[in-house]
Amino acid sequence: MGALLKKLWNLQELRQKQAKLKERLQKNEKMENLKLVKRQKEYLEQSIKLIKEKCEKLRQRLRSRELDYSQKQGLIKDLSSKLYGGKVANPKELSSLERKLQRTRKEVEEIEEEIVNLTIEQEKLEETLVRENENLKVLKINYKNKLKEYDCWKVEIEKNIQRLAKEEQELIKEIEPEVYGEFEKLKSKFGNFIVAKLESGTCTGCNMFISTGLVGQAAGRDLVKCENCGRILYRNLAGPGED
Ligand SMILES: [Zn+2]
């Protein structure tokens, strides 16, 4: 009986180990880590996209202001030649030209200032873009590594589950079908804790004392169940290192 009970005990342990591994797969702590890096990567990609759009808008604005600048320069040239060319003699017309020339020069100054500011902004943005692209590169490598790590972890756990399941099947073959049937019937009630060790006269399943008579029987030939919870009692009479 001792050997049979040991087999039932081992079967239970194999199932508990598999359940624990399955739980780890389900909880998936590594997946959370992976998702976090993925979110960081997506966030950075979005941010880079926005910077690029801003760069493009700046470029367009700069191009348009440069065009304005050369047009205004042309205008200044025209106005100057009219004003100082000697062809216009009317004082009213001359002072109107003068005002127009001053206004245009002022506008040119403003455009020049804006072009300088836009250029500085553009340079800063391009520096940011280079930096963010570098960050993205690092993050992508990090993500790839994490993904690889996760895959390895998952495969390793699945392999362990398969190995334990195989051991379980081998062990079941060694147990009398009748006893196995009785063991299986208790599964719906106790899950993976069907066999309870008997320690110091106590059932470790429910922590209740077992009557002395039953303790004696637990070392005998038949399957003995706890009178309180109904689990199969396993009294390990073998000393440490023995079976
Ligand atoms: Zn019990």
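## Packing of α1 and α3

Helix α1 (residues 2-27) packs with helix α3 (residues 91-174) at an angle of about 160 degrees, and their axes lie 9 Å apart. The arrangement is therefore roughly antiparallel, a term for angles over 145 degrees. Axes are lines fitted to C-alpha atoms, for helices over the stretch in contact, with angles from 0 to 180 degrees between N-to-C directions. Helices are DSSP runs (H or I, at least four residues) and strands likewise (E, at least two), numbered from the N terminus.

The residues of α1 that meet α3 include L11, L14, L21 and L25, and those of α3 include I157, I161, L164 and I172; contact requires C-beta atoms, placed from the backbone, within 7 Å.

## Basis of the model

This is a predicted model, in which local features need pLDDT of at least 70 and side-chain atom pairs count only at pLDDT 80 or more, while totals for chains, interfaces and linings use all residues. Residues are numbered from 1 along each chain as its sequence is written.

## The sheet

An open sheet of mixed pairing contains 3 strands in the order β2-β1-β3; strands pair if DSSP finds at least two bridges between them. The edge strands, each pairing on one side only, are β2 (202-203) and β3 (232-234). Strand β1 (residues 195-199) runs parallel to β3 and is joined to β3 by 3 bridges, with V195 opposite I232 in β3.

## Overall form

The chain has 6 helices and 3 strands, in the sequence pattern α-α-α-α-α-β-β-α-β. Its C-alpha atoms fill a box of roughly 135 × 30 × 30 Å along the principal axes.

Note on methods. Parallel < 35°, antiparallel > 145°, perpendicular 65-115°, else oblique. Contact = placed C-beta atoms within 7 Å.
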